[in-house]
Amino acid sequence: MGVPPPNEPPEKRTAQHESLRKAEAHEAFEDRNVRGATASLILAILALASMVITAPLAMFAMLATYPSEGPSEMPWVTPLVFFSLPLLFAVPSLALAIHAINRSPESSPDRPSAAAALCIAGLVVALALGPALDLLGNL
């Protein structure tokens, strides 16, 4: 298959082996980028889906921490409960998407999925930063 016949000169044999080795390394690198972009997209979708899971828990936390009159003593509990699970999925998704976009050529098939994951996970992180920065200003 990739092994040259024994009657070829050794220089040609090593050149063929070198080109075959480079092609296999490039294929493995490209495959790794596609897997990283796909994993990033899956994590970004899981971050959005996990908001559905944490929303009822955040509502219960809001009922438990906000009094019926006056401000809450612990306003940070509700955003913490709501964004705890989505951020566990969104932050690694952002890292994988940035890595996949930086490492892949412009014409590669993994670039659109990494860009979509970057948009989705970036939205989740931006939504989490809003309450965090608001509460930081109240300290």
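Reply: Helices are DSSP runs of H or I with at least four residues, numbered from the N terminus. On that basis, Asn33 is found in helix H1. The model is a predicted one.

Me: Why is Asn33 called buried?

Reply: Buried means under 20% relative accessible area. The relative accessible area of Asn33 is 6%, and therefore Asn33 is buried. Across the 139 residues of the protein, 24% count as buried. Asn33 also lies 6.8 Å from Ser104, C-alpha to C-alpha, although 71 residues separate the two in sequence.

Me: What makes Trp76 partly exposed?

Reply: The term covers values between the limit for buried, under 20%, and that for exposed, over 50%. Trp76 has 46% relative accessibility, so Trp76 counts as partly exposed. Trp76 is located in the loop between helix H1 (10-65) and helix H2 (77-103).

Me: Which residues form a nonpolar patch with Trp76 on the surface?

Reply: Met74 and Leu80 form the patch with Trp76, and together the three have about 310 Å² of accessible area. Membership requires over 30% relative accessible area, and Trp76 has 46%.

Me: What is the pattern of the protein along the sequence?

Reply: The pattern reads α-α-α, and the secondary structure comes to three helices and zero strands.

Me: How do H2 and helix H3 pack, and what is the handedness of their crossing?

Reply: The axes of H2 and H3 (residues 111-137) are 8 Å apart, at an angle of about 145°. The crossing of H2 and H3 is left-handed. The residues of this contact comprise 21 nonpolar, two polar and one charged.

Notes. Residues numbered from 1 in each chain as written. Predicted model: local features only at pLDDT ≥ 70, side-chain atom pairs only at ≥ 80, totals over all residues. Heavy atoms only, no water. Patch = residues over 30% accessible without salt bridge, like charges linked within 9 Å, V, L, I, M, F, W, Y side chains within 5 Å. Areas by Shrake-Rupley, 256 points an atom, 1.4 Å probe, with all protein chains shown as cover. Salt bridge = Lys/Arg side-chain N within 4 Å of Asp/Glu carboxyl O. Helix = DSSP H or I, 4+ residues; strand = E, 2+ residues; numbered from the N terminus. Buried < 20%, exposed > 50% of the residue type's maximum accessible area, 1.4 Å probe, protein only. Axes fitted to C-alpha atoms, helices over the stretch in contact; angles between N-to-C directions. Left-handed = near helix turned anticlockwise from the far one by under 90°. Nonpolar A, V, L, I, M, F, W, Y, C, P; charged D, E, K, R; others polar.
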